[in-house]
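Here is a brief report on one protein model. Keep the viewer open while reading.

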Amino acid sequence: MSDDGYIFHRHELAARLTSMLLGTDPLSHAGRSGLFMSAARRTGKSTFLKNDLIPAVEKAGAIAIYVDLWADKSRDPAELIAEAVRDCVARHATPIAKVRTVLAGVKKLAGKSEVAGMKAEIGFELESIGKPGGTTLAKAFEALHKRVGKPIVFIIDEAQHALTTERGSDTLFALKAARDALNLTAEQPQLAILATGSLRGKISNLVLRKSQAFYGADINTFPTLGQDFVVHLAHKKLGHRFAPKNMPAPKALFTAFTTVGCRPEEMEKVIEQAVTHPAANLGD
């Protein structure tokens, strides 16, 4: 993604991961065991998750829930995960329950905390999800699945951050329990978990250690953007200034892109600087 909001879509990759997660890829069991992927920061991972994978999952008829555990490092990862689940349950409540929730929120300011409409509909208080002694994630996901009647894909960005707190680590086990409960008798995965991280060594700890919740799950390197992206970016940035014959060669562009670690924002800076560099050839 560039500074002007341009997004280079990766539909083929999104379709492939969606198939793996929803159990329609016969060569993958990621939908049942979990899929963990590592990628260096600033290489377009989160942009892809939000703008390509989530739409692909929803187009395939599933519900996508996204949480970034680095979005607010001052909060416990367990709370961020629980909040994402609470928000999704609330979004899929019936209209009348939503109205009651708003009214109950007003009453809460006056000292009444129970959201009666929502509790009556889902069988528990929304705010109790993921809280110590409250509603378990397994029960919350079960209620959500019953309401929407669709598979659920839970996407955790920077998942390794969950290991920084005891509650975060416990929440991973709670997610595993929820996944196992929903998938136990289903022909296709009904709760699939995709976790990504920018530190391969740390995210590997989630699947390579027997003491961790997702021991044995698949772990892959997230594919970086390729030559097609950087050629497209160059034409977008320079096409209005240079004739096609004066544009840098694709090989030169991709060499520069790999030199900056396949980071789109850094490559944009390279292109902008190259235009003003006193070289005889823009590619050079």
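## Basis

This is a predicted model, in which local features need pLDDT of at least 70, side-chain atom pairs count only at pLDDT 80 or more, and totals for chains, interfaces and linings use all residues. Residues are numbered from 1 along each chain as its sequence is written, and side-chain values use heavy atoms, with hydrogens and water left out.

## Whole chain

The protein chain has 12 helices and five strands. Helices (H or I, at least four residues) and strands (E, at least two) are DSSP runs, numbered from the N terminus.

Of the 284 residues, 45% are buried. Buried means under 20% relative accessible area, exposed over 50%, and partly exposed in between (1.4 Å probe, protein chains only). The accessible surface is about 14,500 Å². Carbon and sulfur atoms account for 54% of that surface. These areas come from the Shrake-Rupley method with a 1.4 Å probe; for residues, only the protein chains shown count as cover.

A contact means heavy atoms within 4.5 Å. Take the contacts between residues at least 6 apart in sequence: 72% of them join residues at least 24 apart.

## Proline 189

Proline 189 sits in the loop between helix H8 (166-183) and strand E4 (191-197). Proline 189 counts as buried because its relative accessibility is 6%.

Set aside neighbours within four places in sequence. Proline 189 then contacts Leu21, Leu22, Gly23, Gly31, Arg32, Pro151 and Asn183. Alanine 30 is 159 residues away along the chain, yet its C-alpha atom is 9.2 Å from that of proline 189.

## Two positive phi values

Most residues other than glycine have a negative phi. Arginine 42 is not a glycine, but its phi is positive, at about 70°. Arginine 42 lies in the loop between strand E1 (35-38) and helix H3 (45-59).

Glutamate 158, also not a glycine, has a positive phi of about 55°. Its loop runs between strand E3 (152-157) and H8. Glutamate 158 has 2% relative accessibility, so it counts as buried.

## Serine 128

Serine 128 belongs to the loop between helix H6 (116-122) and helix H7 (137-148). At 17% relative accessibility, serine 128 counts as buried.

The serine 128 side chain reaches the backbone oxygen of glutamate 125 at 2.7 Å. With neighbours within four places in sequence left aside, serine 128 contacts Gly134 and Thr135.

Definitions and conventions. Polar contact = N/O pair within 3.5 Å; in protein donor to acceptor, adjacent residues only side chain to side chain.
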